[in-house]
Amino acid sequence: MTSIPVAVQMYTLRNETAEDFSGTLEKVAELGFDGVEFAGFGGLSAAEVRDLLDQLNLKAASSHVPLDDLKTNLDQVIKDQKTIGSQYIVCPYITERTEEDYTELVKDLEEIGKKCREEGLTLCYHNHDFELERLSDGRTALDKILEDTEPDHVKAEFDIYWLQKAEEEPVTWMERYEGRTPLVHLKDMTTDKEQFFAELGTGGVDLDKVLNRGEKSKVQWWIVEQDESRLSPFESLEISMNYLKDKLPNLK
């Protein structure tokens, strides 16, 4: 295994950050995470977030930014990401999913990604399962997004859970787009019919194959996310981190 750093997607802790943003980040640091992937700044300014990160010795791995903000407020988004020290901006989710919508999305991502690259940042697209549905040309929507944009302008943040949920092999996607997935969402899935979100190492996803592929795929950050949990989010994250500490020597 390599020394790829590990971050947490703060959506996992959305309720906790709503009550105490700085205290939640402090607990994240205590669990041993190297960094965080933001989904908003909890009402703080980018400068305040950077100060907090520096105090806690955490890095800003990336930020999920809604597509509308990327289209209408990109200059400010880029400025904020530079302030917090984040190299990656991620389009996290889309609501419009017709073939025409995907064609328009490709145009938007290409334009946004080109601007990001000019500013020294990287745009990534985060998948769910609906992008694995087939379009009229036989491709999946996710293939269309990645094949119809320039590799230097749009990269992927593959979400292991959603790929598995769509009955895809996560490592196959990492191989297909080798070198184009600097961010990977590490998740697990229960083995029952519900296929619920699971703590790492407790479900049926072949995480060893994913972790072993990291270096060859040029993964820059492993990002732990658990959309929902039967336990408290911090209990779930501790279980997942303990699993990763057994797998990744740099976390010990």
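**Note on the predicted model**

1. Burial. Of the 252 residues of the protein chain, 52% count as buried. The model is a predicted one.

2. Overall dimensions. Along the principal axes, the C-alpha atoms fill a box of roughly 45 × 45 × 30 Å. The accessible surface is about 11,500 Å². Carbon and sulfur atoms hold 42% of that surface.

3. Secondary structure and contacts. The protein chain has 11 helices and 10 strands. Take the contacts with a separation of 6 or more: 75% of them join residues 24 or more positions apart.

4. Nonpolar cores. The largest nonpolar core has 75 residues. F38, W222 and L244 touch the most other members. Leaving aside residues up to four places away in sequence, F38 touches Q9, M10, F21, V49, L53, A60, S62, S63, H64 and I84. A second, separate core has 8 residues, among them A7, Y88, L183 and I223.

5. Cysteines. How many disulfides does a search of the whole structure find? The count is 0. A disulfide here needs two cysteine sulfur atoms within 2.5 Å. For C91, the closest cysteine sulfur is in C124, 11 Å away, so the pair is too far apart for a bond. For C124, the closest cysteine sulfur is in C116, at 9.5 Å, which is also too far for a bond. C91 is buried, at 0% relative accessible area. C124 is buried too, at 0% relative accessibility.

Key:
Residues numbered from 1 in each chain as written. Predicted model: local features only at pLDDT ≥ 70, side-chain atom pairs only at ≥ 80, totals over all residues. Heavy atoms only, no water. Core = buried A, V, L, I, M, F, W, Y, C linked by side-chain atoms within 4.5 Å. Buried < 20%, exposed > 50% of the residue type's maximum accessible area, 1.4 Å probe, protein only. Contact = heavy atoms within 4.5 Å. Helix = DSSP H or I, 4+ residues; strand = E, 2+ residues; numbered from the N terminus. Areas by Shrake-Rupley, 256 points an atom, 1.4 Å probe, with all protein chains shown as cover.
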